[in-house]
Amino acid sequence: MNKLVLNYAILDSAILAIVFVPLLSAQNRSAAAVEQREVHGQTILSKNLPAAELTLGKDFRYIGGQTVNLYGKCEAEQHLFVEAGEGGVVERFYWIQFEHFLSTNTQTYDYRAEQTTDIGGLQFIYDVKSWPDYATMQAEDPASDGAAMVRLLAQHNLAFPKRAARVRMFHLPTPDRRSELMIIYGEALPEGSEVPVGKEGVVLDKDAPEVARMILADARRDLAIRKP
């Protein structure tokens, strides 16, 4: 190899190193984000934001965890436990998500604390809604956290239910409101269910408060949270 060719080879190697090192670093950060919370059986061990152990009922199977970037603004660490029914359609599920805004912005989580519930010493803001096609609604925006969960389910030949009700709960572990723990509990609605559904989602807290209390009770029954 002559001197000119050798210099080009060295230059190409340097360029490759510049391109790939940041990519590898980003991949390592994502992997570390998932690994920072361990899952043992039915329990997620979270050392911070918040420091707590979350344990699901024995009927739920852990599907897996993943880290996703949301619109370049947030990073979310997702975990999913399911009780699957016939044909791979999920009957009940717990979608647990640890999320924080990136340092590139100053945004905060701004939830109105109209309804709250306490689980294991953690206070959650919550709402309860129902849909005629929850699965399709989650997949509508490919960049969303819901679409990421749809893809995780598909890897295991599973899918969210169509007619479904869910309670969504948010805990804000820090005063700056830049981190959150989101827990979504959902359950399929059987044919003939009297739970109202609507295309844009029915706010059960307002339109069917007794049903909303029942869904919340179902979510609380199979979820235990213990602070260290």
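**Questions on contacts and packing**

Trainee: Leaving aside neighbours within four places in sequence, which residues is Ser 130 in contact with?
Mentor: Contact means heavy atoms within 4.5 Å. Skip the neighbours within four places, and Ser 130 is in contact with Ala 164, Ala 165, Leu 189, Val 195, Pro 196, Val 197, Gly 198, Gly 201, Val 202 and Leu 204.

Trainee: What kind of model is this?
Mentor: Residues are numbered from 1 along each chain as its sequence is written, and side-chain values use heavy atoms, without hydrogens and water. Local features need pLDDT of at least 70 and side-chain atom pairs count only at pLDDT 80 or more, while totals for chains, interfaces and linings use all residues, because the model is predicted.

Trainee: How many helices and strands does the protein chain have?
Mentor: Both are DSSP runs, numbered from the N terminus: helices are H or I of at least four residues, strands E of at least two. The count for the protein chain is 5 helices and 12 strands.

Trainee: Is Ser 130 buried or exposed?
Mentor: Ser 130 has its place in strand 8. Buried means under 20% relative accessible area, exposed over 50%, and partly exposed in between (1.4 Å probe, protein chains only). The relative accessible area of Ser 130 is 0%, so Ser 130 is buried.

Trainee: Which backbone oxygen lies 2.5 Å from a polar atom of the side chain of Ser 130?
Mentor: A polar contact is a pair of N or O atoms within 3.5 Å; within protein, one must be able to donate a hydrogen and the other to accept it, and residues adjacent in sequence count only if both atoms are side-chain atoms. At 2.5 Å from the Ser 130 side chain, the backbone oxygen belongs to Pro 196.

Trainee: Which side chain does a polar contact of 2.7 Å join to that of Asp 127?
Mentor: Asp 127 is in strand 8 (residues 122-131). Asp 127 is buried because its relative accessibility is 17%. Its contacts beyond four places in sequence include Gln 115, Phe 170 and Asp 205. The 2.7 Å polar contact runs from its side chain to that of Arg 166.

Trainee: Why does the pair of Trp 95 and Phe 160 count as stacked?
Mentor: Rings of Phe, Tyr and Trp (its six-membered ring) pair if their centres lie within 6.5 Å; planes under 30 degrees apart count as stacked, over 60 as edge-to-face, the rest as tilted. The search of the whole structure finds 11 aromatic pairs. For Trp 95 and Phe 160 the centres are 6.2 Å apart, and the pair is stacked because the planes meet at 20°.

Trainee: How many residues apart are Trp 95 and Phe 160?
Mentor: Trp 95 is buried at 1% relative accessible area, and Phe 160 is buried at 5%. Trp 95 sits in strand 6 (residues 90-101) and Phe 160 in the loop between helix 3 (145-154) and strand 9 (164-171), a link between distant parts of the chain, 65 residues apart.

Trainee: How many residues of helix 3 are buried?
Mentor: The buried set includes Asp 145, Met 149 and Leu 153. Its cover includes strand 4 (61-70), strand 5 (74-84), strand 6, helix 2 (134-139) and strand 10 (179-188). Asp 145 itself touches Trp 95, among others beyond four places in sequence. Helix 3 is mostly covered, with a buried count of 7 of its 10 residues.

Trainee: Within what arc do the buried residues of helix 5 fall?
Mentor: Val 211, Ala 212, Ile 215, Leu 216, Asp 218 and Ala 219 are buried in helix 5. The arc is taken over directions from the helix axis to the C-beta atoms. Those buried residues line one face of the helix because, seen down the axis, they fall within 155°.

Trainee: Which exposed residues does the face of helix 5 turned away from its buried side carry?
Mentor: An α-helix has 3.6 residues a turn, so residues three or four places apart point the same way. The face of helix 5 turned away from the buried side carries Glu 210, Arg 213 and Arg 221.

Trainee: Which residues does a cis peptide bond join?
Mentor: Pro 50 has its place in the loop between strand 2 (43-46) and strand 3 (52-56). With omega about -5°, the cis bond joins Leu 49 and Pro 50.
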